[in-house]
Amino acid sequence: MSKKSVPADLAAKFDARHPIHPDSPFAQFMSGLQAVSSERPVRPVVTPFGRRARGHCSARKSIDKARYESLLEQNVWRVLDTASSVRSFMTHPVVLRLNKGGGGAFHYTPDAVVRVGDVVHGDGVVLEVKARFFLTQNVTRQRTQNIARALKDAGLQYALLLDTDLNDDFIETLSALLHQRPAMGRWGPDKDPDAWDVRGRTIPVEQTAAAWTAAKAECDALLQRVMRRDPGDVDELLQLA
């Protein structure tokens, strides 16, 4: 597989879901992603072995299957699927080759690449999902800082979402709400991923409609908070958490 084919394939998949405007920030984001992509295949995420939970979850905004290798990731994919600011996303989509300070390079697989905003002005985000505990470990701490610096140098927006960013009660409520949501079926351009019923066949009762509107607003606010902060400032992240 050539270096260019990996991100080009990603761009084609995002474009098939929602057309990429050639002058949009997201088009520039995909070009930047291509510049730091590697030929390495993504390691298997969903395997029959391992300590943590892993599998696929239903996510209407996910391109391909939404794969998770922890319950934390599964919950974050639910947030992305609910937030109205998210157009689409892909989980563990590509292995990046990033420059290391002082020379050399290292490889990094984002937990997700997220497309946010509208078609013309929307941008892209490299998203990492991590438990706060790991940031207290020197190896993870240094790697997180290296990733943040390298992606900033590459002109790619990077966000780090921690387990402490999620409210357990809200996630429990959101999970129950999504369980009630009508199935999407096969994706088509006539479908609205932000609607309660993507296919537009049912209208939710007033209580459900209000809960869905509130959940979308909560998820949008969460992502805005995460994207505004500096993912490379680990000390600040630990204080906020």
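Trainee: In which hand of crossing does α5 pass α6?

Mentor: This is a predicted model, and in it α5 passes α6 in a left-handed crossing.

Trainee: How is such a pair of helices described in general?

Mentor: Two packed helices are described by the angle between their axes and by the distance between those axes. Here, helix α5 (residues 168-180) packs against α6 at an angle of about 130°, and the axes lie 11 Å apart. The two helices, α5 and α6, are therefore oblique to each other.

Trainee: Which residues make the contact of α5 and α6?

Mentor: On α5 they are F170, L174, L177, L178 and Q180. On α6 they are T208, A211, W212, A215, E218 and C219. Sorted by class, the contact of α5 with α6 has eight nonpolar residues, two polar and one charged.

Trainee: At what angle do α3 and α6 pack?

Mentor: Helix α3 (residues 71-82) and helix α6 (residues 206-228) pack at about 110°, with their axes 8 Å apart. Accordingly, α3 and α6 are roughly perpendicular to each other. The crossing in which α3 passes α6 is left-handed. From α3, the contact takes V79, L80 and T82, while α6 supplies W212, A215, K216, C219, L222 and L223. Seven residues of the contact of α3 with α6 are nonpolar, one is polar and one is charged.

Trainee: How do the axes of α3 and α5 cross?

Mentor: They come within 11 Å and cross at roughly 65°. The crossing of α3 and α5 is left-handed. Its contact joins N75, R78, V79 and T82 of α3 to I171, L174, S175 and L178 of α5. By class, the residues of the contact of α3 with α5 comprise four nonpolar, three polar and one charged.

Trainee: How does one find where empty space is left?

Mentor: Rolling a probe the size of a water molecule over the atoms shows where empty space is left. In this structure, the largest pocket holds about 540 Å³ of space. It is lined by 25 residues, of which R43, E69, D111, E128 and K130 are the closest to its centre.

Trainee: Which elements give two or more residues to the lining of the largest pocket?

Mentor: They are α3, β5 (105-108), β7 (123-130) and α4 (138-153). The largest share of that lining, five residues, comes from α4.

How values were computed:
Residues are numbered from 1 along each chain as its sequence is written. This is a predicted model: local features need pLDDT of at least 70, side-chain atom pairs count only at pLDDT 80 or more; totals for chains, interfaces and linings use all residues. Side-chain values use heavy atoms; hydrogens and water are left out. Axes are lines fitted to C-alpha atoms, for helices over the stretch in contact, and angles run from 0 to 180 degrees between N-to-C directions. Helices (H or I, at least four residues) and strands (E, at least two) are DSSP runs, numbered from the N terminus. Angles under 35 degrees count as roughly parallel, over 145 as roughly antiparallel, 65 to 115 as roughly perpendicular and the rest as oblique. A crossing is left-handed if the near helix is turned anticlockwise from the far one by less than a right angle, and right-handed if clockwise. Contact means heavy atoms within 4.5 Å. Ala, Val, Leu, Ile, Met, Phe, Trp, Tyr, Cys and Pro count as nonpolar, Asp, Glu, Lys and Arg as charged, and the others, Gly among them, as polar. On a 1 Å grid over the protein atoms alone, a cavity is a set of points where a 1.4 Å probe fits but cannot get out, and a pocket is an open set with protein on both sides within 12 Å along at least five of seven lines; lining residues have an atom within 4 Å of a point. Grid points are joined across faces, edges and corners, and a volume is the space filled by probe spheres set on the points.
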